[in-house]
Amino acid sequence: MKKSIVPIFAGGGTRLPAHLGVLKALQLLDIDFEDLVGVSGGSIIASFYAAGLALNDIKRIALQTNYNQFREFSLIKLIRHGGLSSGDAFERWVDNHLQGKTFAQLEKTLHIVATDVTNGKPVIFDAELTPDMKVSQAVRFSMSIPLVFSFKTYGKCIMVDGSILSEDALHRDWDHKGTPVLCFRLRGEHEYDQLSVNGLFPIFNYVTLLIRTFMTTISREYINESFWHNTIVINIGEYSAVDFKMTTKQKHQLYKIGFKTAMEVIPLKMNMETHDIIH
């Protein structure tokens, strides 16, 4: 009998290949799910999978894409719209791989979570609440890393990265059937490579340092004991959530970290017997 969960791929920014490793582990462990939740970088992997893309194709996309194409350095955009980059190129890239699909057109039930900074509450996008919305738009909302991508409005909401939400926003009955959730959180260490704050335009490096420290701190947030049994922490070392120049080798290493951790910890969390595991 297959074990069913609702996996939550939470956070990560550009470290999204780690979530892909988790997906591969879920496949090998023969764990079934019809609903899945994506937050920040995890929303990219979750949306591609929910749209029916094969794991090998998603892996190829994640490893071969040059993330630097999504990054801009516009001081005007930072001042006027709250981010160095508009995020438009990123949204087009996601939409292209999803072939313009809306939530109602996905093969699996996808829930994407972003944050409304006007009240600090989650905004959820899925086939129930936003069936005709393009999935790429919701992914763009959830990936709105503060100061990197410009703020985007949605009705009266101002959308930013979903990973800044507290845990109780994610641990809920997603499929209305009481299926247990399993939240995969990427945890980073503080990066120690130095950035110069000298030169003609030090503001860019100041902002980069601020973003990097903020995202690392968020990933290291204390996990409430009431959610610990449903959480798997993936320690990804000093990889930055805002490293847009990540090499293919680094991305593959993140994939391996996610896969190895998931293969080791998922059976423990789900009380799976060794003979349940497909090697």
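Start with Phe125 and Phe141: both are buried. Keep in mind that the model is predicted.

Look at how these two rings sit. The centres of Phe125 and Phe141 are 5.6 Å apart and their planes meet at 35°, so the pair is tilted. A pair counts as stacked with planes under 30 degrees apart and as edge-to-face over 60.

Now colour by secondary structure. Phe125 belongs to strand β7 (residues 121-125), while Phe141 belongs to helix α6 (residues 135-142). The pair therefore ties together parts that are 16 residues apart in sequence.

Next, select Phe9 and Phe184. Are they buried or exposed? Both Phe9 and Phe184 are buried. Their ring centres lie 6.0 Å apart, with the planes at 15°, so this pair is stacked.

Trace the chain from each ring. Phe9 is in strand β2 (residues 6-10) and Phe184 is in strand β11 (residues 181-187). Because of this, the pair ties together parts that are 175 residues apart in sequence.

How many aromatic pairs are there? The count comes to 7.

Move on to Phe48, Phe90 and Trp93. Ring pairs link these three residues into a cluster.

Finish with two lysines. Select Lys108 and Phe33: Lys108 lies over the face of Phe33, 5.4 Å from the ring centre. Then select Lys269 and Trp228. Here Lys269 lies over the face of Trp228, at 4.8 Å from the ring centre.

Terms used:
Residues are numbered from 1 along each chain as its sequence is written. This is a predicted model: local features need pLDDT of at least 70, side-chain atom pairs count only at pLDDT 80 or more; totals for chains, interfaces and linings use all residues. Side-chain values use heavy atoms; hydrogens and water are left out. Rings of Phe, Tyr and Trp (its six-membered ring) pair if their centres lie within 6.5 Å; planes under 30 degrees apart count as stacked, over 60 as edge-to-face and the rest as tilted. Helices (H or I, at least four residues) and strands (E, at least two) are DSSP runs, numbered from the N terminus. Buried means under 20% relative accessible area, exposed over 50%, partly exposed in between (1.4 Å probe, protein chains only). A charge sits over a ring if NZ of Lys or CZ of Arg is within 6 Å of the ring centre and within 35 degrees of the ring normal.
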